[in-house]
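Subject: Structure handover

Hello,

Please find the structure below, as promised. My notes on what was found in it follow directly after.

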Amino acid sequence: MTERVPVRRTAKLFIGGEFPRSESGRSYEIFGEDGRVLAWAARASRKDLREAVRAARAAQPGWAAKTAYNRGQILYRVAELMEGRRAQFEAELADAGAADQAWGVNAAIDRWVWYAGWCDKVHQVLGATNPVAGPYFNFTIPEPTGMVGIVAPPDQPLLGLVSRLAPAIVSGNTAVVLASERAPLPAVSLAEVLATSDVPGGVVNVLTGFTKELVPWLAGHMDVNAIDVTGVPEDMRAEVESLSAENVKRVTRAKAADPFSPEAQSPYEITALMEFKTVWHPMGA
Amino acid sequence: MAKIERQEPQAPERREPVWEYATAPESTDIVRLEDRYGLFVGGEFVEPKSGRYFETINPATEETLAEVAEAGPEDVDLAVSAAREAHERRWRDLPGTERAKYLFRIARMLQERAREFAVLETMDGGKPIKESRDVDLPLAAAHFFYYAGWADKLEYAFPHRRPRPLGVAGQVIPWNFPLLMAAWKLAPALATGNAAVLKPAETTPLTALLLGQVIQEAELPPGVVNIVTGAGETGSNVVTHPDVNKVAFTGSTEVGKIIRRALAGTGKRLTLELGGKAANIVFEDAPLDQAVEGVVNGIFFNQGHVCCAGSRLLVQEPAFEPLLDKLKDRLQTLRVGNPLDKNTDIGAINSRQQLQKIEELVASGVEEGAEMYQPECVLPERGFWFRPTLFTNVSQSHRIAREEIFGPVLSILTFRTPAEAVEKANNTPYGLSAGVWTDKGSRILWMAERMKAGVVWANTFNRFDPTSPFGGYKESGFGREGGLHGLEPYLDFDGDSE
């Protein structure tokens, strides 16, 4: 009896709903905690990043135009499909050195469920009607800011990423994610889940590669409306914030350093990537 | 832009007879100007350590009104220290109910002295007295009154969060609504328990300094509000001061970006209320006479020195000619001149520098091939003036359609479908405000949903209210002022790691 040879996965980028390799042809080694080579991940280039931004921008109006109920169901389905692939996620977290991989996967799945439920509630809780002195119906509603760049935290490669990505896209933003450089495989697997869970292509784009190489291009890109700098190395924060000035990007970071803490999920993480729009509607018979 | 057949614009027919208006000047007796104003630091008016003063003039007459202290780095440092001390010893831990009473007091005192403030505002800034009297002053008082009521109710504003003040707020404000901007900055900062260092614009410092006197008389604990006058360098010293926790800036996008860069990596909280190039969109079903008033108010209010001014008029093609005729007619009746005259519609341009910027951009409009219309009117000999100006045959690539002019200059473009109007309205890096004029309520909401702008006015324009949040999308800045949402930029919350 010959032993069956398992089929290995190629870890690719996720751009516009497709899985290309880097246009640069580059890749880099991903090591497990034990020092073994787990895979070669694509090492995205500036050009890949620009393609990802373009895909995210193209997908944004359609994603935002879906009903809140519809977006909620789609994001709930992400949780459904993660549950079905939990063994894979657990194995990847174990490879990355997680202390309790089951806990990490549970929390990530539950985080999708929690945020999915906010799709059709955040406007009610954090919007307003304003009693202006005049014959106007005046209301303030949060709207997605547009296209968001997310630098995922290097540690907690699954829950850390989901905790930043879910609140960004709940409201109708689209995203370009720079995955954890050291442990990108859970992000690659999450991309495969997203690709099969009714999230339209381009809503989430996942790049693997060298954080320090890619972050400045993301921070300086004129068509990125906001950047989540949670995973930006400390010594690059000033540079990133400075680059963000070019088109007055919104800069946000996780309110809680630990994604397992109770503060790590919050509707205010959703509105941090939304714009409040106020409308003066005339009243009259 | 779609090429459309149209007649060459003609001067409107003069209606006979042309009535002359009698002058109706507001008296300036109510204002007691001092020769020299010090800095307001720690509850006292003090001479600047810098030893320097600058002149503030009346832009309608070019006469010097007073000398005003120029705060140097040492002065800013003293102001920030005074604010820090006041925050920690006299303000932060004061119960909200007590903080509120001081703000209510200030609101009441502004109402009591409204006339004096309005006249001084018009003298120092050049805006028509009817605007400072009917808009700036009532809104400034209302802003303090509104936020006063929040001081002891903050826990209700943010579900599941525990609000805390940030500390010392450094606030830099522009010259277009000098007192009102001071109110927009100070009222929410104080209501939330912060102390403030306010830097008024160098061309319009006087009403802020008079507000300092009111604050003194209101017996607000010393140092809770400090007012440091000066130009850009003073502002820079305020925002970059290491002991300032929060920076709020209203002004140009260019300076906003400089501040953003200067604060990179400092962890300071920042809100920016920057420039705009708002579209004011008139559909063919709009009540045209009402729309004409709205368009005029949208661009000529405060000489167009308004960040949210409706500086791009988008008109649906069938309405273009009738609207243009009515607009030209209306322009002919606008009264340009002495801002202290109660009949004046358009006052003085705020400064020579601003006048030059307007002239430069208007010249570019002519040079790039747009067609200019200005009504006949006699301008005073002294002072800074600019006629209300319309441009037709404007293309989206013209500078006058892209850049903020901040003057009484309207660029007119046309559109056919609502979708085209949305596309043109959003075709700008700015996103502060927008206007829609139509008889159809459903279309208002359809348009409002698609406009990338923080404020959308329907069948009105340039309307403000303390309860109504204001602020921009995209390069018009971030953060909101006014309303419940205007509290957030001045608060920290338990669980926030910053």
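Strand S10 (residues 274–282) of chain A pairs with S18(B): three bridges join the two strands, which run parallel. Two strands pair here if DSSP finds at least two bridges between them. Helices (H or I, at least four residues) and strands (E, at least two) are DSSP runs, numbered from the N terminus. In this pairing, Thr278(A) stands opposite Val455(B) in S18(B).

This is a predicted model, in which local features need pLDDT of at least 70 and side-chain atom pairs count only at pLDDT 80 or more, while totals for chains, interfaces and linings use all residues. Residues are numbered from 1 along each chain as its sequence is written, and chains are lettered from A and ligands numbered from 1 in the order in which they are written.

The contact between the chains takes 29 residues from chain A and 36 residues from chain B; two residues are in contact if their C-beta atoms, placed from the backbone, lie within 7 Å. On the side of chain B that touches chain A, at least two residues each come from helix H8 (253–262), helix H14 (441–450), strand S18 (455–458) and strand S19 (477–478). That side has 15 nonpolar, twelve polar and nine charged residues. Ala, Val, Leu, Ile, Met, Phe, Trp, Tyr, Cys and Pro count as nonpolar, Asp, Glu, Lys and Arg as charged, and the others, Gly among them, as polar.

Within chain B there are domain 1 (36–274 + 475–493) and domain 2 (279–466), with bounds from an automatic or database domain assignment. Their centres, taken over C-alpha atoms, are 29 Å apart. Domain 1 of chain B has 23 residues in contact with 25 residues of domain 2 of chain B. On the domain 1 side, helix H3 (114–125) and helix H4 (129–148) of chain B are the elements that give two or more residues, and H4(B) gives the most, with seven residues.

In chain A, the axes of helix H3 (residues 86–95) and helix H4 (residues 101–116) come within 8 Å and cross at roughly 125°. Axes are lines fitted to C-alpha atoms, for helices over the stretch in contact, and angles run from 0 to 180 degrees between N-to-C directions. H3(A) and H4(A) are therefore oblique to each other (under 35 degrees counts as roughly parallel, over 145 as roughly antiparallel, 65 to 115 as roughly perpendicular and the rest as oblique). Among the residues of H3(A) that meet H4(A) are Phe89(A) and Leu93(A).

Regards
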